[in-house]
Amino acid sequence: MSGAQAGLAVSVFLASAVEVVEAFTIVLAVGSSRQWSSALAGVGAALAALAAVVAIAGPALVGIPIGVLRLIVGGLLLIFGLQWLRKAILRAAGAKALHDELAIFAEEREAAALAPAARDFDSYGFAISFKAVLLEGLEVAFIVVTFGANRGEVPLAAAAAALAVALVVLVGLAARAPLARVPENAMKFAVGVLLTTFGVFWSSEGAGTSWPGGEAVLAPLLLLILAASLAMVRDLRQRRTETATVSA
Amino acid sequence: MIGRAAIAVWSFLVGEDWHVAVAVAASLALTALATATGLPAWVLPPVLVLAILYRSVRAGNRPAFSRAKSP
């Protein structure tokens, strides 16, 4: 496996794991407080919809000329990655609330308890589970399709995502609790850096640029983006401290 | 229905700060232009992307940045 393939697999695995942890919390809250069969039916329906998205979009994108694909899909991946990284930097600096699975679990259980009770099929549990898995899964599907299509490795990207899903679900089932100890915010930061790195690389190639050293430039590019992101966190924290001092 | 779908796609791809999408498109156009003129354009994207990220982070934390400047 080349360095770029490993980077692709790690990026997709981490992004998928984070999204599955979030979806797992909601399904667990709804299933444990209402009806497991309806919640799991919602999960199944969402997974079928996501599989269809990947099965249709993956081959369709692979058919586009690589230059156009890298410019458009690489550009979209870059925009997507910058949004992840922006939120991660703001969270790390304390300017945005951290993602808290235990709080989300409690909120979802509270909302589920307030919804009207179901006799047979629980449409509330189905809808909440379906929506959670579909929305979180769409981000995974987008990353799988864009990464896979840009490198012509949709199967590798899909396998990395499937491994993440299997691992998180197995750990979650063993724990029977929200996976609050998963370092979700740090993982999101890492995914943001990875998505941005690959997005810069591919979209620039799509714009006609030749990188010195080809794919070997990915490692220094990643380190540059990571170092700059950490510097932004430090800068933001310092400014927030100064603001707090001035306000006090 | 189509309008709601379009809004959902927009918020999914573009997110909270639409300036990022516009700036990325502009930076890619600039990179393509520099490449066409024969310049070593590969230095541009990392610099431009980090500048876009810095601006977006600043915008996301506007109160801290504006107040920190005041005595």
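**Helix packing and the A–B interface**

Read along the sequence, chain A of this predicted model follows the pattern α-α-α-α-α-α-α-α. Helices are DSSP runs of H or I of at least four residues, and strands are runs of E of at least two, numbered from the N terminus. Residues are numbered from 1 along each chain as its sequence is written, and chains are lettered from A in the order in which they are written. Local features need pLDDT of at least 70 and side-chain atom pairs pLDDT 80 or more, while totals for chains, interfaces and linings use all residues.

User: How are α1(A) and α7(A) oriented to each other?
Analyst: Their axes, lines fitted to C-alpha atoms over the stretch in contact, come within 9 Å and cross at roughly 140 degrees. Angles under 35 degrees count as roughly parallel, over 145 as roughly antiparallel and 65 to 115 as roughly perpendicular, with the rest oblique. The two helices are therefore oblique.

User: Which element gives the largest share of the side of chain A that touches chain B?
Analyst: In this interface 34 residues of chain A are in contact with 32 of chain B, contact meaning C-beta atoms, placed from the backbone, within 7 Å. The elements giving two or more residues to the chain A side are α3 (66-92), α7 (184-206) and α8 (218-247). The largest share, 12 residues, comes from α3(A).

User: What percentage of contacts in chain A with a separation of 6 or more is between residues 24 or more positions apart?
Analyst: Chain A has eight helices and zero strands. Among its contacts with a separation of 6 or more, the share from residues 24 or more positions apart is 88%.

Notes: Contact = placed C-beta atoms within 7 Å. Axes fitted to C-alpha atoms, helices over the stretch in contact; angles between N-to-C directions.
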